[in-house]
Structure formats: structure tokens, C-alpha cells
Amino acid sequence: MTSATVRKIIHVDMDAFYASVEQRDDVTLRGRPVAVGHGAKRGVVAAASYEARTFGVRSAMPSTTALRKCPDLVFVPPRFEIYKAVSRQIHAIFADYTDLIEPLSLDEAYLDVTANRRGLPTATDTAREIRARILDETGLTASAGVSYNKFLAKLASDMNKPNGQCVIAPGKGEAVVEDLPVGRFHGVGPVTASHMNRLGIHTGADLRTQSLAFLAHHFGKSGSWYFGIARGLDERPVNPNRERKSSGSETTFETDHTAPEPIEAGVLAMADDVWAWCEKTGARGRTVTVKIKWGDFQQSTRSRSAASAVGSREAIREMSLALIRSVYPPRMGIRLVGVTLSNFQATAEGAVQMSLA
């Protein structure tokens with residue numbers, strides 16, 4: 001690839017976005033462990049401040065678990081209209097630098113700045129200026145990754161958080177990837193990382209030693225993706241018209257469960273996580289699917305479609321609980337549960353768009 005064809009990609013990721021907005025707007029919350037969400041018995045953490053994260057509090061965690069980890073945790077109900085308004089401010093800043101913006105959620109997006117609309121010396125300077133403007137105009141910090149493809153840019157944005165940026169220069173991607181644990185790779189979740197570990201694949205270097213045939217055999221269609229990213233390769237363009245066909249979340253239990261209470265707590269936490277995404281994006285779907293991974297690693301799914309789009313957190317919770325209860329009593333221990341929403345309502349353009357608006 002010649003220098004003339006090397007893309008310049010920036011991944012911008014707001015730092016603890018929901019929690020940071022709450023701390024910005026309420027001075028009494030600054031410096032304290034904050035969770036955006038509901039502290040009730042069956043509540044779930046939608047976002048956690050960095051102060052809360054030091055105690056191990058994470059998004060999609062049941063509120064009871066979060067409070068055990070951090071008894072001083074302060075719960076703040078989410079204000080999605082405020083988050084959307086701030087996100088629109090951020091999107092307007094992005095638009096000054098490029099038309100090629102691919103939002104992933106309210107708080108992160110890819111930007112292709114290859115065309116260099118502002119005439120800045122480098123993509124690094126562009127990212128730095130964007131972050132400075134976000135801070136000046138919203139009072140919030142952002143981190144950024146700069147590289148020659150989307151995979152590496154997203155990887156880089158996580159390396160100097162919070163309020164930092166990292167550059168992976170052309171030709172350096174493979175070297176950066178080889179030392180990283182596979183669990184750090186975007187697109188490799190905890191379940192896949194565990195599967196890789198069982199196969200003796202722990203780092204990018206381990207992954208790179210595997211043949212395409214081996215990876216396709218063990219990981220199906222994803223095998224070719226893992227083959228490429230082990231070499232720092234990703235040809236996906238930044239797509240400003242990206243469609244989302246489903247949204248899901250899953251969790252792996254520390255031990256296999258057969259008792260209803262921990263299983264249902266996991267399902268409810270995942271349903272809340274999906275609903276939080278719906279609130280962030282404005283998307284609504286008709287079909288709820290519950291995924292179950294059994295102790296022997298076999299998988300089952302149960303789905304139900306409503307006549308119209310699921311319109312509330314309570315509705316997706318009720319459907320998810322009914323689906324998981326359809327497998328009671330479990331035939332063996334359950335190690336993982338997941339909830340997915342799909343069959344989205346069409347927008348005026350004919351598809352549900354991933355949007356910062």
C-alpha cells in the first residue's frame with residue numbers, strides 16, 4: 001500500500017460518557033464513584049465513572065453486585081435526552097473535519113480524515129484538535145485512537161484512557177497486536193477469548209501462527225476476520241450509512257447455574273443493557289431472543305416476536321424472563337445467557353441507522 005492510499009482513521013471515544021455528563025452537571029458527584037442506572041434489587045448499571053471502575057464496577061453489572069463491590073456507589077437515573085443533546089454537539093464538531101463519520105453509539109465514532117478538510121499537518125493533529133474542541137464546547141474529555149484502519153484505531157483509543165490518544169503508524173500494526181492478549185481485541189468477546197485460550201491462543205502472536213483453515217474450522221465465518229487482525233489488517237471503510245440489524249448483550253457466569261435466581265438476574269441485566277442501547281439510539285425492535293450456553297458448551301435460543309416494537313424496559317424484561325423460564329428446569333448448568341433485540345422498525349429512510357442524533 002502506497003502512502004497515497006493509506007487511510008487516516010480516527011476512533012473517538014468519550015470517557016465514561018453518561019457518568020461524566022452527570023458529574024459535569026452536578027458538582028456534588030465529582031470525585032465520587034457514580035453509576036448511571038437504578039439501584040433497585042433488579043436494577044443494572046448503564047455506565048460507571050472512573051472512580052467506580054476502580055472498585056470493579058462495570059456497565060451491564062447488576063446493581064446489587066455493584067453495591068457489594070462499592071458500598072459508597074451513588075446511583076443516578078439516566079437522562080438520555082441530555083446525553084443525546086451532548087452527542088449532537090460532538091457530532092457537529094466531527095462534521096467540521098469530515099463527512100465520513102460512522103457512529104457506533106452516542107459516545108463513540110469512527111472518522112475518516114484522509115481528505116484532510118482542515119489542512120492540518122497530520123491525523124494526530126486532527127484528533128488532538130477535535131478532543132480540545134469537545135472539551136471546550138461540552139466540558140467533557142474524549143480519548144482517540146489514530147491509525148490506518150478501523151480495527152487499529154479502536155484498539156489505540158483504549159490505550160491512553162482517559163483523556164489521551166494513541167497513534168499506531170502505518171506498518172506498526174502487526175507489532176502492536178502481537179503482544180496483546182486476544183481478549184483486548186475488538187470483536188473478540190470473553191467467550192471467544194476463552195475458546196481461543198483453550199486452543200493455546202493467548203496473544204496476537206499466537207493467533208498469527210494459526211492457519212486460515214484452522215481458524216475457519218474453529219470459528220466459522222469469523223475465522224478470516226481473526227486471521228486478518230492478527231496481522232493488523234482491516235479493509236472495512238468508514239461507513240456513514242451503517243445499518244444495525246440487531247443489538248445484543250451476553251454474560252458468562254463465574255459458575256454454571258441451575259437455580260432460577262442467578263440465571264434470571266443475568267437475563268435481566270442483559271435485557272437492561274439492550275434497552276439502554278435502545279434508549280441511546282432511539283431504535284426499537286419487535287423480536288427478543290434469549291441465548292443460552294449450557295455447561296457442555298452447547299447453545300440454545302428462544303425467541304418471541306411482538307405485534308409491534310417493544311416499547312419499554314419492562315416489556316423487554318418480561319419477554320426475556322418468559323423465554324428463559326421456558327427452559328426450566330434446566331437440563332444442566334447454564335454458563336452463559338444473552339438477550340438480543342432484532343426485527344427493527346424501519347426509519348423514514350427504510351432502515352434503522354446507527355446515529356449520534
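A residue counts as buried when its relative accessible area is under 20%. In this predicted model, S157 has a relative accessible area of 2% and is therefore buried, since that value falls under the 20% limit. S157 belongs to helix 6, which covers residues 150-157. A polar atom of the S157 side chain lies 2.8 Å from the backbone oxygen of K154. Setting aside residues up to four places away in sequence, the residues that S157 touches are H11, D13, S143, A144 and G145.

R131 is found in helix 5. The relative accessible area of R131 is 14%, so this arginine counts as buried too. Its side chain reaches the backbone oxygen of N163 at a distance of 3.1 Å.

Two packed helices are described by the angle between their axes and the distance between the axes. Helix 4 (residues 80-95) packs with helix 5 (residues 123-138) at an angle of about 145°, and their axes are 10 Å apart. The crossing of these two helices is right-handed. On the side of helix 4, the contact is made by V86, Q89, I90, I93 and F94, while helix 5 contributes I130, R133, I134, E137 and T138.

Aromatic side chains form a further theme. Across the whole structure, a search finds nine aromatic pairs. One of them joins F219 and Y226 in an edge-to-face arrangement, with 5.4 Å from centre to centre and 90° between the planes. This arrangement is called edge-to-face because the angle between the planes is over 60 degrees. Both partners lie under the limit for burial: F219 is buried at a relative accessible area of 12%, and Y226 is buried at 4%. Elsewhere, F17, Y18, F80 and Y83 come together in one aromatic cluster.

Aromatic rings also meet charged groups. The charged end of R118 sits over the ring of Y97, at 4.8 Å from the ring centre. In a second example, R331 lies over the face of W294, and here the distance to the ring centre is 4.4 Å.

Just after helix 8, G200 takes a positive phi of about 85°.

Some features of the backbone deserve a look of their own. The peptide bond that joins K161 and P162 is cis, with omega at about -10°. P162 is found in the loop between helix 6 and strand 8 (165-167). Another cis peptide bond runs from Y328 to P329, where omega is near -10°. P329 has its place in the loop between helix 13 (313-325) and strand 12.

A16 has a phi near 45° and is placed in the loop between strand 1 (9-14) and helix 1 (17-25). At 5% relative accessibility, A16 is buried, because this value is under the 20% limit. N343 likewise has a positive phi, of about 55°, although it is not a glycine. This asparagine lies in strand 12. N343 has a relative accessible area of 37%, so it counts as partly exposed, a class that lies between 20% and 50%.

Notes: Residues numbered from 1 in each chain as written. Predicted model: local features only at pLDDT ≥ 70, side-chain atom pairs only at ≥ 80, totals over all residues. Heavy atoms only, no water. Helix = DSSP H or I, 4+ residues; strand = E, 2+ residues; numbered from the N terminus. Buried < 20%, exposed > 50% of the residue type's maximum accessible area, 1.4 Å probe, protein only. Polar contact = N/O pair within 3.5 Å; in protein donor to acceptor, adjacent residues only side chain to side chain. Contact = heavy atoms within 4.5 Å. Phe/Tyr/Trp six-rings, centres within 6.5 Å; stacked < 30°, edge-to-face > 60°. Lys NZ or Arg CZ within 6 Å of the ring centre and 35° of its normal. Axes fitted to C-alpha atoms, helices over the stretch in contact; angles between N-to-C directions. Left-handed = near helix turned anticlockwise from the far one by under 90°.
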